[in-house]
Structure formats: structure tokens, C-alpha cells
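Happy to walk through this one with you.

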Amino acid sequence: MKNFTFSSSAMAAACAFALLQIALVPAVRAAAPESYKIVSRFPVTGVEGWDYLAVDSKREHLFVSRSDHVQVIDTRSGELVANIADTAGVHGVAIAQDLKLGFTSNGRAGTLTVFELDSLKTIDTVKGIGAGPDAILYYQPLQRIYSFNGKDQSVTIVDAVTRKVIDTLPVSGQPEFAVSDSLGHIFFNVEDKNEIAVIDAQSSKIVKRWTMAACDGPSGLAIDDLHHRLFSVCGNKKMMVVDAISGKTVTTVDIGDRPDAAAFDPATGLVFVSNGGGTLTVVHEDTADKYTVTASLATQKGARTLALNPETHLVYLVSGKFGAAPAPTPANPRPRAALLPDTFNVLVAAPN
């Protein structure tokens, strides 16, 4: 592991970003809707599996990872506008608005694909990433990409401007979803350790690891940066609310079956959790320490991932219909059921 120093300009940019984040928080939070409902569905071609979703709110694009390519869908019309190809084993998409670039984490290829947000054309491939890149995060103050690698249990840090690898950090556990705050921290779940790990962005070191005793297999992670609260969703149908300063668990909230992803809307104080069992749990942040489940919206079985557009407050999920699972074999002891043709779709949830 290497140590790095940062220029005064980089430090100034980080400070400016933190101030901007604070300034953008509404002085008075908008009234939270009583509930959400599914308002539309967009049919999407293909029988491939999927993983993370991402939204480019500026261009109204939804990115859906599909095995070896990323489908780009116009959220206004539901039409497929582009395919980002050659992303073998793609998991996630990170959006760098200031650079007008997107980055994909390609699990089988062990690479990151770089594409232009405007043209949606691939312009570069970053190699030298740890084995099995999965979750991916862009940290704007230092213009860095963080790739969370499942197979070798590491985090690779990449300069998003030069597209060069800076460092790779050992995790000693299975990294999952990640978020950042305005104080220079990167947080990520460690699924097999029931932990949240904390990277100090300036030193590029893992500086803290917090155990969540009541959590089994944390996956999705969201953050309320203003109130320093992390929302970690767990396989035992619990959402842990964790103090992002001390690491202490503040409270636990009941959620749905097979949760995977989470998002927080700072304008309304709502936390969204997508559950593969077929529900969207909507939780209202009454105060920094008190939370109320306001809805358990029926979605579709398998709709385990989500993306939130914080400008429109719309939540996007995806799923389809499945055939029977094949019989287990020694090589594949837990086979997945195949997605049936012409059944994959995007679900759009909106406030009532």
C-alpha cells in the first residue's frame, strides 16, 4: 500500500464539494408522500441476468447491467437508446457528471469500461483492477473511482481523469455496495463479516471497521450525509441505521424478504429498500434517530435492485418472469431459474 499527498488545489476542491453538498440540502424538507405506487412499466429486450441500476438524472438515462452489456433506457419514453458493449460480467455503473463520463465494473473481464455520458460511446478500458469488480463508486472531490472486487476481496482506486490505477487495498472480506460523505470518507458493506468498513479518501487507507451485531449479510447501503446516518440492508430482513461518525447502531428497521439495494432521498427524508421477494420498503426518517415504515409496495418477484432519481423522486426497479430452476449438479449446486423471453421490464415507482 502506498501513501499519497494531495495538492492544495485538490484539497480546495474537496472542501468546496463539502460546502456545496451542505448548501444543496433544502432548508425545509419537502413533505414526504404518504406512499408510493407503480405508475408504469417499460418492456426491455433480452433474457440475460442483471445487477445494479444507475440513473443519469441530467440526461434522463437509466443504466441496466445485463451480463456482458449495459442497456441505456430513456426514462421519459421507456425506449432503449443504446447498448454499451464488451462489459463481460458487468455489475455496476458509476456516473461522473463533472467529467461527463460513466464507468462500468466488469466482473468477468476484471476491467472498467469508460464511456461518454453524452454520446454513450466507449472511449477507454481500465485494466489492472482486482479480480471480480462488483460495486463501483465515483468520488467527485478527488475525481477517483473505487472498484469493490469480490473475488480477491479488495478495493481498487483509479484516477478518473488519467484512468490509471492508484492503489489496491485488501479488505479481508466480501465488499458490497458503497457510499461517500462530504467529510472525506468512503463507506462500504463487508457482506460476509457483517461489517461496514471506512476508507479515508485522502490517505487511501481503511481506517475503521464497524460490526453490526443484528445484521446478517449486509448488501445495499445508503447515506443521509447531513445527519451522518448510514442505512445498511441485511439478509435477515433488517435495515441497520448506523451513526456515520461513531459507527454505533442507532436503530433497526424491519424490511422485506431478500433485500439487496437501498437509496435515500434527502429532499423527502425517505429511505427505499428493494426486496427480491417482491416489495419496495419505504421508510421515513422522522428524526435522525427515529424511523417509520410508511409503505411496503408490491413490485415484482426478483426486483431486488433499484435506482433513485433524486430530482424527480422516481424509483426504478427491474425484473421479469422465470421458468423452473434446473436440477442442482456438483458443478452448480444452486442453479438459477432462467428468465423467460419477453418478460423483462423496468418498473417505475412514484409518490402518490
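Q: How many bridges join β8 to strand β9?
A: Keep in mind that this is a predicted model. Strand β9 covers residues 122-126 and runs antiparallel to β8. Within this pair, Thr113 stands opposite Thr125 in β9. The number of bridges joining β8 to β9 is four.

Q: Which residue takes a positive phi in the hairpin of β8 and β9?
A: Look between the two strands, where this hairpin has five residues. The phi in question is near 65°, and the residue is Leu120.

Q: Is strand β8 largely enclosed or left open by the rest of the structure?
A: Strand β8 spans residues 111-116, which makes six residues to check. Buried here means under 20% relative accessible area. Five of the six residues are buried, so β8 is largely enclosed.

Q: Which residue in β11 does Ala135 stand opposite?
A: β10 and strand β11 (residues 144-149) run antiparallel and are joined by six bridges. The residue in β11 opposite Ala135 is Phe148.

Q: Which residues have the most contacts inside the largest nonpolar core?
A: This core has 50 residues. Apart from it lies another core, of 15 residues, including Leu62 and Val348. Inside the largest core, the residues with the most contacts are Tyr146, Phe187 and Leu230.

Q: What is the relative accessible area of Asn194?
A: Asn194 is in the loop between β15 (185-190) and β16 (195-200). Its phi is near 55°, a positive value in a residue other than glycine. Asn194 is partly exposed, with a relative accessible area of 21%.

Q: Where is the place of Arg258?
A: Arg258 has a positive phi of about 60° although it is not a glycine. Arg258 is partly exposed, with a relative accessible area of 42%. The place of Arg258 is in the loop between β21 (249-254) and β22 (259-265).

Notes. Residues numbered from 1 in each chain as written. Predicted model: local features only at pLDDT ≥ 70, side-chain atom pairs only at ≥ 80, totals over all residues. Heavy atoms only, no water. Pairing = 2+ DSSP bridges. Core = buried A, V, L, I, M, F, W, Y, C linked by side-chain atoms within 4.5 Å. Buried < 20%, exposed > 50% of the residue type's maximum accessible area, 1.4 Å probe, protein only.
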